[in-house]
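The report below goes through local backbone features, a helix pair, the surroundings of a ligand and the confidence of the model.

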Amino acid sequence: MIAPAGDSVSPWAAASRPRPVVLALGSNLGDRIANLRLGIEALEGGAIALTAVSGVFETTPVGGPEQDNYLNVVVLAVSSLPARQVLERCAAAESAAGRVRTVRWGPRTLDVDIITCDDETYDEPDLTVPHPRAHERAFVLAPWLDVEPSAVLPGQGRVADLLAALPAAGAWRRPDLRLALPARGGSGPAGSGAQAGNSLPAGGAAAGGAAGTEGAAPCT
Ligand code: A4P
Ligand code: MG
């Protein structure tokens with residue numbers, strides 16, 4: 001295991017420069033792919049620039065009551081926003097998809113979690129970064145590996161190794177479902193999908209495309 005290398009900065013402090021942020025999105029209620037698309041649209045802009053979106057993975061539920069499968073994706077972003085403001089944007093994205101909180105780990109239209117903010121670490125009642133359970137969850141690791149094959153989870157190790165070490169993956173790629181980066185600065189159709197694993201350099205141009213219908217496909 002790699003020792004945590006976190007910057008102990010205040011979660012209220014803006015970063016001195018845009019740094020990489022990894023966000024995980026999941027939905028298992030309502031129109032799952034539409035919810036993910038709404039979340040991605042809501043996250044873009046306002047000092048958060050999305051740079052890549054993973055392929056869409058169908059995943060078996062972890063924890064909580066009996067519930068339906070999830071669709072999960074991971075998005076990469078750059079931002080100099082304080083971690084707390086990134087968390088607020090995650091909550092706003094959840095609200096945009098009509099999130100209502102019932103039971104912990106229960107079904108939800110959209111959950112958006114901060115997985116990492118560069119190598120910053122926070123351990124507060126309502127903000128823990130890196131996400132404390134990311135290393136043991138295929139629904140985070142599989143899409144993260146898809147969009148960033150060299151990814152490292154601070155304090156835990158390479159995402160590829162963490163995923164390989166899980167006893168059962170519980171995550172299936174859905175090549176029939178695609179989400180794209182939203183139009184930069186704006187109003188374009190988000191997520192009607194270009195390529196899964198679609199990425200742009202920070203500050204790059206927009207991508208668009210169309211999402212498929214839901215039909216199961218075998219997965220890696
Ligand atoms: N919070 C603390 N740290 C963070 C962070 N790094 N990112 C706080 C986001 N939020 C963070 O979250 C509860 C509180 O966590 C927030 O108020 C925030 O201040 P929540 O979204 O209201 O509730 P939750 O998601 O039910 O709880 P929790 O503990 O965040 O759950 P997890 O660990 O996020 O797991 N199975 C599949 N297959 N796919 C999924 O996406 N998701 C979960 C939720 C469980 N099982 C799943 C999936
Ligand atoms: Mg959450």
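Pro 130 lies in the loop that runs between β7 and α3 (138-147), where helices (H or I, at least four residues) and strands (E, at least two) are DSSP runs numbered from the N terminus. The model is a predicted one, in which local features need pLDDT of at least 70 and side-chain atom pairs count only at pLDDT 80 or more, while totals for chains, interfaces and linings use all residues. Residues are numbered from 1 along each chain as its sequence is written, and chains are lettered from A and ligands numbered from 1 in the order in which they are written.

The peptide bond that joins Val 129 to Pro 130 is cis, with omega at about -5°. Most residues other than glycine have a negative phi, and most peptide bonds are trans.

Helix α1 (residues 32-43) and helix α2 (residues 83-96) have axes that come within 8 Å and cross at roughly 140°, the axes being lines fitted to C-alpha atoms over the stretch in contact and the angles running from 0 to 180 degrees between N-to-C directions. α1 is therefore oblique to α2, since angles under 35 degrees count as roughly parallel, over 145 as roughly antiparallel, 65 to 115 as roughly perpendicular and the rest as oblique. On the α1 side the contact (C-beta atoms, placed from the backbone, within 7 Å) is made by Leu 38, Gly 39, Ala 42 and Leu 43, and on the α2 side by Arg 89, Ala 92, Ala 93 and Ala 96.

Around ligand 1 there are 24 residues, of which Gly 26, Thr 59, Tyr 70, Asp 126 and Phe 139 come nearest, a residue being near if its C-beta atom, placed from the backbone, lies within 6 Å.

The mean pLDDT (the predictor's confidence in each residue, from 0 to 100) of the protein is 83, and 80% of its residues reach 70 or more.

| Residues | pLDDT | Contacts beyond four places in sequence |
|---|---|---|
| 1-5 | under 50 | 11 contacts |
| 200-220 | under 50 | 58 contacts |

Where pLDDT is low, the predicted coordinates should not be read in detail.

Methods: Two residues are in contact if their C-beta atoms, placed from the backbone, lie within 7 Å.
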